Amino acid sequence: LKHPEHRIRQLKQDLKPLFGHLIKDVTRREWVDLFEKVAKRAPYAANRLQAAVSAMYSDLCDRGILELHPLLRLKKRTKEVPRDRVFSLDELKRCWQLASSNTPAQSSDQFRHLIGLLALTGCRREEIAAMSWSEVDIERRLFNLPAARSKTKVGRTIPLCDQAIRILEKRPRLPDGDFIFGDATLGRSSFSGFSK
């Protein structure tokens, strides 16, 4: 499974109560208890955790490592409702004001640039946060989002307008990696400081 870095951290945190257990020995009851505990804090996160664990068991069964899948037919912790909210013009205007601001006190260049590309491309947060130079063709003005990084698992090519190109031209080429917004790790990993 490919997950953005912050999701991997969250999965590790949620799975901590079962660290040290052999996967073949963890019972369905133990998994249900863990999922319920996570659901009290974050219902959708419990669904994500359950899906990741279930996919792991499916893979282990497919490869003949395990005989039984303890999570088969286990219902999700909560019913999810698709989001259909979009920014109002006023909200989008405020985002763009932040993105085009040159006031370091408001936020870092990296964060302003990231917000600007989100507003200009309509991409999901993690699609831009983990954007890499190898996915961008400045000359052809395109952002090639691979299927592996798309929530829908379908790759797509996103055209980049003049403002988006100007933002990308302001981004430094970091010495240790390909991530456009990996300032904290010199490009080795993607941006993950949204809560700050």
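## Basis of the description

Contact, as the word is used throughout this report, means heavy atoms within 4.5 Å. The structure is a predicted model, in which local features need pLDDT of at least 70 and side-chain atom pairs count only at pLDDT 80 or more, whereas totals for chains, interfaces and linings use all residues. Residues are numbered from 1 along each chain as its sequence is written, and side-chain values use heavy atoms, with hydrogens and water left out.

## Overall architecture

The chain has 7 helices and 3 strands, where helices (H or I, at least four residues) and strands (E, at least two) are DSSP runs numbered from the N terminus. Read from the N terminus on, the order of these elements is α-α-α-α-α-α-β-β-β-α. Along its principal axes, the C-alpha trace spans about 55 × 35 × 30 Å.

Of the 196 residues in the chain, 34% are buried, a class that means under 20% relative accessible area, with exposed set at over 50% and partly exposed in between (1.4 Å probe, protein chains only). Among contacts between residues at least 6 apart in sequence, 49% join residues at least 24 apart.

## Packing of α2 and α3

Helix α2 (residues 28-41) packs with helix α3 (residues 43-62) at an angle of about 150°, and their axes are 6 Å apart. This makes α2 roughly antiparallel to α3, given that angles over 145 degrees count as roughly antiparallel, under 35 as roughly parallel, 65 to 115 as roughly perpendicular and the rest as oblique. The axes here are lines fitted to C-alpha atoms, for helices over the stretch in contact, and the angles run from 0 to 180 degrees between N-to-C directions.

On the α2 side the contact is made by Trp31, Leu34, Phe35, Val38, Ala39 and Arg41, and on the α3 side by Pro43, Ala45, Ala46, Leu49, Gln50, Val53 and Tyr57. The residues of this contact divide into 11 nonpolar, 1 polar and 1 charged, where Ala, Val, Leu, Ile, Met, Phe, Trp, Tyr, Cys and Pro count as nonpolar, Asp, Glu, Lys and Arg as charged, and the others, Gly among them, as polar.

Histidine 69 is found in the loop between α3 and α4 (89-100), and with a relative accessible area of 12% histidine 69 is buried. Leaving aside neighbours within four places in sequence, histidine 69 is in contact with Ser54, Tyr57, Ser58 and Cys61. A polar atom of the histidine 69 side chain lies 3.1 Å from the backbone oxygen of serine 54.

Arginine 112 has its place in helix α5 (residues 109-121) and counts as buried at 3% relative accessibility. The side chains of arginine 112 and aspartate 109 are joined by a polar contact of 2.2 Å, a term for a pair of N or O atoms within 3.5 Å; within protein, one must be able to donate a hydrogen and the other to accept it, and residues adjacent in sequence count only if both atoms are side-chain atoms.

## The three-stranded sheet

The open sheet of 3 strands has the order β1-β2-β3 with antiparallel pairing, two strands being taken to pair if DSSP finds at least two bridges between them. Its edge strands, each pairing on one side only, are β1 (136-137) and β3 (156-159).

Between β1 and strand β2 (residues 142-145) the antiparallel pairing runs over 2 bridges, and valine 136 has phenylalanine 143 of β2 as its bridge partner. In the hairpin of β1 and β2, which has 4 residues between the strands, arginine 141 takes a positive phi near 60°. The antiparallel pairing of β2 and β3 extends over 4 bridges, and the bridge partner of asparagine 144 in β3 is threonine 157.

Serine 132 lies in the loop between α6 (125-129) and β1, and at 7% relative accessibility serine 132 counts as buried. Leaving aside neighbours within four places in sequence, serine 132 is in contact with Asp178, Phe179 and Ile180. The side chain of serine 132 makes a polar contact with the side chain of serine 134 (3.1 Å) and another with that of aspartate 178 (3.3 Å).

Leucine 174, in the segment after α7 (162-170), counts as buried at 14% relative accessibility. Not counting residues up to four places away in sequence, leucine 174 touches Phe179, Ile180, Gly182, Asp183, Leu186 and Gly187.
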